[in-house]
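This report walks through one protein model, from its surface to its core. Please keep the sequence and the 3D view open while reading.

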Amino acid sequence: MTVVINILVSVIFIIVLQLLGMLIFSWMTPFKDMEELKNGNVAVGLALGGKFLATAIILGVAAYTNSSIWFMALWFAVGYVCLVAAYWIFELVTIGFKISDHLKQGNVAVGTLLCFVFVGTAFAVSSLII
């Protein structure tokens with residue numbers, strides 16, 4: 001019975017961390033992510049999906065490599081900071097335009113690239129989680 005309780009607590013904790021991560025990402029954009037999704041903005045959908053998948057990759061590896069919920073949360077925080085840094089670095093290196101403006105305008109190319117920036121960063125960072 002203890003194993004089942006531990007799994008349930010871990011799953012609940014993972015869901016909370018995933019939602020918290022998505023909430024923080026939504027605060028970073030100057031527009032309302034959910035409103036853009038309701039309006040059919042594919043670029044925002046791709047970027048948001050990339051963020052979700054990236055946080056899930058980091059959470060999955062952190063959960064797999066750590067038996068303690070607290071260490072899992074710590075490694076998720078480290079990985080999450082790397083994802084946020086990747087976004088801001090991507091914003092800096094795209095000289096001549098602002099990422100958030102192009103996402104709001106529905107630029108699918110920018111949304112797709114940003115999606116893969118997040119996923120690629122998550123794979124690279126998750127290989128460092130112990």
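In which helix is the place of Ile 5? Ile 5 sits in helix α1, residues 2-28. Helices here are DSSP runs of H or I with at least four residues, strands are runs of E with at least two, and both are numbered from the N terminus.

## Basis of the model

The model is predicted: local features need pLDDT of at least 70, side-chain atom pairs count only at pLDDT 80 or more, and totals for chains, interfaces and linings use all residues. Residues are numbered from 1 along each chain as its sequence is written, and side-chain values use heavy atoms, with hydrogens and water left out.

## Overall build

The protein has 6 helices and 0 strands. Read from the N terminus, the order is α-α-α-α-α-α. Its C-alpha atoms fill a box of roughly 55 × 30 × 20 Å along the principal axes.

Of the 130 residues, 40% are buried. Buried means under 20% relative accessible area, exposed over 50%, and partly exposed in between, using a 1.4 Å probe and protein chains only. Among contacts (heavy atoms within 4.5 Å) with a separation of 6 or more, 72% join residues 24 or more positions apart.

## Surface and N-terminal patch

The protein exposes about 7,500 Å², and carbon and sulfur atoms supply 76% of that area. Areas come from the Shrake-Rupley method with a 1.4 Å probe; for residues, only the protein chains shown count as cover.

Met 1, Val 4, Ile 5, Leu 8 and Val 9 make up a nonpolar surface patch, with about 510 Å² of accessible area together. Patch members need over 30% relative accessible area and no salt bridge; like charges are joined within 9 Å, and nonpolar side chains (Val, Leu, Ile, Met, Phe, Trp, Tyr) within 5 Å. Ile 5 is partly exposed, at 45% relative accessible area.

## Annotated spans

The unreviewed UniProt entry lists residues 7-28, 40-62, 69-90 and 110-129 under "transmembrane region". UniProt positions follow the numbering used here, feature names are shortened, and annotations may be inferred rather than shown by experiment.

In the model, residues 7-28 are 100% helix and 0% strand, with end C-alpha atoms 32 Å apart. Residues 110-129 are 85% helix and 0% strand, and their end C-alpha atoms lie 29 Å apart.

The largest nonpolar core has 32 residues; Phe 25, Ile 58, Leu 83, Ile 99, Leu 103, Leu 114 and Phe 118 touch the most other members. Helices α1, α3 (42-65), α4 (69-93), α5 and α6 (108-126) each give this core at least two residues. The largest share, 10 residues, comes from α4. Such a core is a set of buried Ala, Val, Leu, Ile, Met, Phe, Trp, Tyr and Cys residues joined through side-chain atoms within 4.5 Å.

Beyond its neighbours within four places in sequence, Phe 118 contacts Phe 25, Ala 47, Gly 50, Lys 51, Ala 54, Leu 83 and Tyr 87. Leu 46 lies in helix α3 and is partly exposed at 28%.

## The salt bridge

How many salt bridges are counted? The count is 1, where a side-chain nitrogen of Lys or Arg must lie within 4 Å of a carboxyl oxygen of Asp or Glu. Glu 36 and Lys 104 form it, at 3.2 Å from N to O. Glu 36 is in helix α2 (residues 33-38) and Lys 104 in helix α5 (residues 99-104), so the pair ties together parts 68 residues apart in sequence. Glu 36 is buried at 9% relative accessible area, whereas Lys 104 is partly exposed at 46%.
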